Amino acid sequence: LSPSPHWYNTSIMGLSLSSSLRIGLLSAAVGTAAGFSFGAAAASGVRRTASTGLRPASLAAQSSAAAVSFKDAGLCKKLDVPADLLEKVDVFIFDCDGVIWKGDSLIDKVPAVLAMLRAAGKKVFFVTNNSTKSRKGYLGKFKSLGLEETQPEEIFSSSFAAAAYLEQTKFKESGKKVYIIGEVGIEEELDMIGVPWIGGGSDAGKKIALKSGYALPHDSDVGAVIVGFDREINYHKIQYAQLCINENPGCEFIATNLDAVTHLTDAQEWAGNGAMAGAIKGCTGREPTLVGKPSPLMIDYMVEKFGIERGRICMVGDRLDTDILFGQNNGLLSCLTLSGVTTEEKLLSPENEIKPDFYVDSIADFL
């Protein structure tokens, strides 16, 4: 690795951040950016075939042409032959909820799939929009589910993305603090970069006693409000956030993600952070800066940090509007898994305009 002149020694769980990282922000669509100058050495030796073996070039070309024709025709190809995907990809980026696990239950054959990919020389990363845990917290979950080979640098959460964004914008130098709607994941990531914060878990259970003449006081030094998934959101938090955004000059509204639903258990879907962010959007009239998928922040970081080619990366997820769009917006291959929130009926419906390169019932189909 050859750091750029602007590289400095802020480290979060072993991953350093560059002060020159230019993050493409999302309010609606996205741009791409990155300020690193790493070589491709980290990716050398990765490009190997899956255990199914190499095919003749003519067959590979036919497969590629077929994949293009499916997309051009607005169709999706169900993955029947794993090599059709595995031979095109050096790096797999997996969403977690609905792909690796549901709630606290591991999806069938995930350990075997990850072991096969690593044995074939593939790099694997895990990118989740769930901000309730920091990367340290997610590492603990991977280990508890028996995925012992997972490394800290393979995990990218939207709580980390929020901290990375504050690093890029030099928020700490402003002397301001952050108000958090969210859980411990955001708190821990901000602690790691030394950004002061208020709210979060400490505001759980707070109530407002409405009476004549009462005004809720708020901290005028709050320069950003980060909204992440919060199982203890309440009216106090919503009111405090809107006061900071509406009344503190320059206060920024940041959302870790806008997912409509999430997997808290394996029995049903639960309201996601789109509900929390939507509440703040509704009372401020402001669009948030989005740092999770499908924002390019995390993929830009990975591409430059590890020197990997976008065209040899596959995003694997269960959501069309975040995971698959994240792949398409950032020049990646994409594979939808039906083990999460998206049904085959929805995927193949004429109303759906977001088409992955491939889809599978679950990642067990990679075997």
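The protein has eleven helices and 18 strands, where helices (H or I, at least four residues) and strands (E, at least two) are DSSP runs numbered from the N terminus. Please keep in mind that this is a predicted model, in which local features need pLDDT of at least 70 and side-chain atom pairs count only at pLDDT 80 or more, while totals for chains, interfaces and linings use all residues. Residues are numbered from 1 along each chain as its sequence is written, and side-chain values use heavy atoms, with hydrogens and water left out.

Let me begin with the protein as a whole. Of its 367 residues, 55% are buried, and buried here means under 20% relative accessible area, with exposed being over 50% and partly exposed in between, for a 1.4 Å probe and protein chains only. If we take the contacts with a separation of 6 or more, 72% of them are between residues 24 or more positions apart, a contact being heavy atoms within 4.5 Å.

Now to the sheet that I would like you to look at. Five strands form an open sheet with parallel pairing, in the order β10-β9-β11-β12-β15, and two strands pair if DSSP finds at least two bridges between them. At the edges stand β10 (197–199) and β15 (289–290), each with a single partner strand, so one side of each is left without a neighbour in the sheet.

Further in, strand β9 (residues 177–181) pairs with strand β11 (residues 222–227) in the parallel sense over five bridges; K177 stands opposite V222 in β11, and I180 stands opposite I226 in β11. On to the next pair, β11 and β12 run parallel and are joined by four bridges, with A224 opposite E252 in β12. How many of the residues of β11 are buried? Six of its six are, and β11 is thus described as mostly covered.

Next come the helices that lie on this sheet. Helix α6 (residues 184–193) lies across β9, β10 and β11, and runs at about 160° to β9, where axes are lines fitted to C-alpha atoms, for helices over the stretch in contact, and angles run from 0 to 180 degrees between N-to-C directions. Helix α6 also packs with helix α5 (residues 158–168), at an angle of about 35° and with the axes 8 Å apart. The contact is made by S159, F160, A163, L166 and E167 of α5 and by G185, I186, E189, L190 and I193 of α6.

The other pair of helices is α7 (residues 235–247) and α8 (residues 273–284), whose axes come within 10 Å and cross at roughly 50°. The two are therefore oblique to each other, given that angles under 35 degrees count as roughly parallel, over 145 as roughly antiparallel, 65 to 115 as roughly perpendicular and the rest as oblique. On the α7 side the contact is made by I238, A241, Q242, I245 and N246, and on the α8 side by A279, I280, C283 and T284.

Is T322 buried or exposed? T322 is buried, with a relative accessible area of 6%. Leaving aside its neighbours within four places in sequence, T322 is in contact with N129, D259, K293 and P294.
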